[in-house]
Amino acid sequence: MESTKKFKSADEIKIKRHVSDYIFTIVFTIICAFWVYPLIMVLINSFKDKTHITTNPFNLPNAESSVQWQNYDQAVNTKMDFMSALWNSLTITVLSVALILLCTSMAAYFVVRVKAWYTTVFYYLCLFSMIVPFQMIMFPLSKVTDTLQLNTPTVIPFVYLGFGAGTAMFMFSNFLKSLPLEIEEAAMIDGCGPIKTFFSIVLPIMKPTVISVGILETMWIWNDYLLPYLVLRIRYFKTVPIVIQYFQGSYGRVEWGAIMASMVITITPIVILYLFLQRYIIKGVLSGAVKG
Amino acid sequence: MKKRLALILASAMLVSSALCSLTACSGGGSNAKGHVYYLNFKPEQDQAWQDLAAAYTEETGVQVDVLTAAQGTYETTLASEIAKTDAPTLFQINGPVGFANWKDYCYDMTDAAVTKELTSDAFTVKDGGKIYGVAYVVETYGIICNTKLLQQAGHSLDEITNFETFKAVVEDIQANKAKNGFAAFTSAGMDSSSNWRFQTHLANLPIYYEYKADGIGKTDAIKGTYLDNYRAIWDLYINNATCDPGVLSTKTNDDAVAEFVNEQAVFYQNGTWAYGDVSAVGDENLQMIPIYIGAEGEENQGLCTGTENFWCVNSQAAEEDIQATLDFLEWVATSDKGTDALANAMNFVSPFKKAKEASNLFVKQDAAYTAAGKTPVDWCFATMPSEAWKDDVGSALTAYAAKQNDTSWEAVKTAFVDGWAKEVAKSKA
Amino acid sequence: MEKIMKKNPLYFCLFLLPTLLAFMIGFVVPFGMGIYLSFCKFNTMNDAKWVGINNYLQIFQGDETFTHAFWFTALFAVISTVAINVIAFLVAVALTRNFGGTNLFRTIFFMPNLLGGVLLGTIWKILINGLLLSMKQTLTTNGTYGFIGLLIVMIWQQVGYMMIIYVAGLQGVPDDLKEAARIDGANDKEILFQITIPLVMPSISMCTFLTLTNGFKLFDQNLTLTGGEPMHQSEMLALNIYSTFYDRVGWKGVGQAKAVLFFLLVGLIAIIQLKITQSKEAD
């Protein structure tokens with residue numbers, strides 16, 4: 001009696017769960033439709049005339065409001081030169097992330113392996129830098145970088161290395177601290193110097209952390225607005241966020257059409273990239289969140 | 001230990017020198033000829049300046065860069081750009097208040113060739129007998145009227161002689177909005193691309209009349225004598241327009257231009273610089289009329305004419321860059337290409353001796369008003385204490401438009417009167 | 001290894017120096033200068049004049065926008081922290097159940113994180129203004145709309161991020177523990193509160209800290225969504241500091257002093273967080 005009742009209820013639970021699973025799927029489909037709607041809206045409005053974008057962002061383009069590819073043409077071909085901004089953003093992000101990964105992983109290795117007062121001080125300064133808001137150093141930093149001429153897309157990565165060192169150092173050090181010395185010692189006995197040991201043994205083991213740091217730094221640098229705005233020579237070099245902000249009010253008008261088109265051009269490759277690299281991005285987020 | 005330190009230092013120097021050589025190429029521009037970097041204030045003329053700069057470079061080989069600040073961010077951009085080694089060599093101030101802020105950067109232009117080209121001393125910013133700013137454009141604003149629509153609505157310009165008569169016409173047009181298919185006013189947008197039309201240009205009128213009544217030219221404490229008039233004209237603008245007063249903050253100048261050109265409204269407050277935007281309506285249908293606010297004696301009032309655009313040369317720039325900049329200015333004011341660009345590409349009336357006659361309809365209309373004995377309204381807004389003051393007044397105007405009652409008008413008053421005193425105090429702090 | 005690397009300066013130069021140098025230029029020097037400049041009146045730094053604590057006094061005497069920005073920011077940080085974490089946690093709980101499409105849903109929830117603050121602010125400015133238009137109002141009609149607008153933007157952006165962290169935390173809760181509790185007669189609610197939540201506490205405290213700090217440091221979204229309008233009513237601390245710096249000539253010193261206070265505030269939160277985490281670990 002007891003056992004049949006239990007059996008029945010388990011079955012009931014199963015059916016119940018089945019039904020509730022469907023309900024969950026439906027509910028979440030609806031929520032997610034709302035969640036992606038803003039992005040869809042950008043796509044829709046990129047085909048509309050700018051006055052129709054502000055007065056009715058929710059309508060589909062119709063005969064009156066549609067401008068076909070004109071907004072894209074404007075974004076790409078005007079003096080705002082969105083494509084060169086895209087190129088600048090890409091250059092800055094790729095170079096900075098590469099530089100950060102190479103330099104901080106090596107620095108972290110040195111800091112963890114060499115016990116000295118200066119490595120300890122440096123390590124704690126790095127931790128400290130993580131809690132300092134950008135506004136604190138924004139003005140002096142813009143002065144220092146200006147004096148040193150660190151103001152073009154090819155050299156600004158050095159600034160990012162400096163300001164972004166904190167998080168990267170922290171994550172690499174954390175990993176290295178847990179790395180047993182034995183492997184390296186074995187390499188030493190085989191006659192490897194520190195450089196060879198680092199590049200052929202340590203770095204390959206660190207690969208997951210390298211990817212995570214790379215993802216986090218990429219998300220930060222690609223989207224950063226204020227640092228490049230204050231540091232770059234903006235009359236020659238603008239990045240994507242700078243241009244999108246610039247479209248709003250420069251040249252006496254707010255170019256909503258061009259803004260929408262540029263956003264589509266910016267977002268599309270990112271979303272595609274995300275769909276492919278999702279696994280790594282989520283891992284990166286998780287390992288980054290362990291800080292704090 | 002010592003050896004190690006020496007090695008560290010040596011390598012540090014090596015790295016930094018490598019960095020320097022790496023960046024040397026980006027230093028650029030500072031050759032014997034000098035170069036010009038113009039931080040332009042007027043977004044409408046950006047392209048014309050870019051073209052003119054290119055023409056100058058082609059002719060002389062001197063590099064001229066033009067950067068235009070986004071609307072409403074000139075001070076911000078100037079503040080961040082001027083702190084750089086590669087600072088603008090040429091920038092602009094809006095008059096004495098701007099000069100007070102930037103005087104450390106204003107080169108003494110008393111003996112500059114471009115200063116000698118001015119038709120009158122009045123077009124300068126002076127301090128202690130020396131000239132630090134040179135005006136390059138004289139402008140006029142008022143209410144641009146589409147006379148064709150006005151006629152369709154059954155009215156004529158002859159009816160409008162002061163605020164009362166203007167109000168009657170406006171309200172009649174608005175009352176028949178459905179029938180006529182157009183409103184009286186374009187949207188009084190308070191987006192940053194448009195808010196200066198009201199927080200600066202329209203606000204000029206109560207200040208002008210107050211100065212006139214008190215016989216002064218500037219003040220540290222505005223009284224707001226004519227604020228009721230300001231309210232009356234603002235009410236008229238916002239309640240007889242194409243859009244609801246609640247949504248002004250999102251309306252841009254583009255919207256207003258579009259409404260005007262598409263014949264959705266009869267009146268549009270703006271100045272000579274907007275001629276290019278509205279010329280599609282046709283010269284025969286365009287007339288700029290004075291902004292009446294109901295002050296005594298306004299029947300004799302003309303358009304608002306003046307300047308808030310003074311060139312300054314950055315005194316802290318390199319010697320050769322200062323010279324290059326002065327040469328460039330002289331070329332702009334005297335050469336055929338330069339004067340042609342000022343008059344035709346930019347539609348400017350420039351106070352230079354060799355200036356060409358601008359092909360600008362509104363400029364001619366302004367001259368006609370003056371010839372008919374009307375008194376032009378001075379541009380007193382150069383005496384407004386700061387950009388922050390304008391923005392605060394503008395915000396208060398927007399808030400009032402959304403909620404039109406005495407309480408929210410008090411906020412405008414506070415921003416106008418108390419804000420003035422506060423901003424003066426801040427600028428002196 | 002340590003000996004070799006310590007002995008030969010080559011390794012120091014190769015491994016540490018580039019980062020150290022960049023760190024000096026990109027952080028240490030500007031930070032030191034920032035502290036110094038907060039006691040100076042200056043425009044371009046070459047003209048810095050020592051004025052003592054004058055700038056700090058000015059913040060509270062001549063400038064009422066800072067205190068408003070402080071309370072606005074504090075309130076925003078707290079409310080957004082609660083809202084984001086509650087929503088993210090609920091979504092995570094739901095998405096760790098086994099039903100069709102959970103992976104797709106997680107992907108979608110996380111997506112807004114890929115966009116930067118400028119894009120987020122711009123997108124929502126259009127959307128919210130479009131909605132408010134029917135009420136004949138806009139985002140900058142009053143500070144409350146700005147507050148709600150910012151809240152929506154931050155929820156949209158951060159729920160996905162926090163959800164990822166919670167999902168990882170929830171997946172770490174062993175199933176047999178929950179099964180055992182169920183057999184012992186615990187209902188869903190009891191399992192949630194007495195087993196799941198205590199076990200994912202590390203995730204909760206981490207997310208709380210992250211959202212709180214993000215709330216306090218918010219800048220880009222604030223700049224693009226409302227720009228602080230109307231009349232600084234929706235201006236947060238970071239934006240307030242920025243506009244003090246660049247909108248008002250001669251006030252850079254005050255801006256820098258505000259930045260120092262801002263840094264102390266953010267630092268304080270970080271220390272509290274650290275203490276809490278440490279005491280938890282000690283348990």
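In the predicted model, buried residues account for 54% of the 429 residues of chain B. The secondary structure of this chain comprises 18 helices and 12 strands. Its radius of gyration is 24 Å, close to the 22 Å given by the globule rule for 429 residues, so chain B is as compact as a globular protein of that length. Along the principal axes, the C-alpha atoms of chain B occupy a box of roughly 90 × 50 × 40 Å. Of the contacts in chain B with a separation of 6 or more, 75% are between residues 24 or more positions apart.

Within chain B, helix 11 was examined in more detail. This helix covers residues 227-239, and its end C-alpha atoms are 18 Å apart; the value agrees with the 18 Å that its 13 residues should span at 1.5 Å a residue. The buried residues of helix 11 of chain B are Tyr230(B), Ile233(B), Trp234(B), Leu236(B), Tyr237(B) and Ile238(B). Because an α-helix has 3.6 residues a turn, residues three or four places apart point the same way. The packing partners of the buried residues of helix 11 in chain B include both helices and a strand: helix 7 (163-175), helix 9 (196-202), helix 10 (204-214) and helix 17 (387-402), together with strand 7 (183-185).

Chain A is assigned two domains, domain 1 spanning 2-71 and domain 2 spanning 80-289. The C-alpha centres of domain 1 and domain 2 of chain A are separated by 34 Å. Contact between them involves 11 residues of domain 1 of chain A and 9 residues of domain 2 of chain A. On the side of domain 1 of chain A that touches domain 2 of chain A, helix 1 (2-45) and helix 2 (50-55) of chain A each contribute at least two residues. Helix 1 of chain A provides the largest share of that side, with 4 residues. By class, this side of domain 1 of chain A consists of 5 nonpolar, 4 polar and 2 charged residues.

Chain A also touches chain C, in a contact that takes 68 residues from chain A and 72 residues from chain C. On the side of chain A that touches chain C, helix 12 (residues 256-289) of chain A gives the most, supplying 11 residues. The composition of this side of chain A by class is 52 nonpolar, 11 polar and 5 charged residues.

How values were computed:
Residues numbered from 1 in each chain as written. Chains lettered and ligands numbered in written order. Predicted model: local features only at pLDDT ≥ 70, side-chain atom pairs only at ≥ 80, totals over all residues. Contact = placed C-beta atoms within 7 Å. Nonpolar A, V, L, I, M, F, W, Y, C, P; charged D, E, K, R; others polar. Domains from an automatic or database assignment. Expected span 1.5 Å × (residues − 1). Buried ≥ 20, exposed ≤ 12 C-beta atoms within 10 Å, placed from the backbone. Rg over C-alpha atoms; globule rule 2.2 N^0.38 Å.
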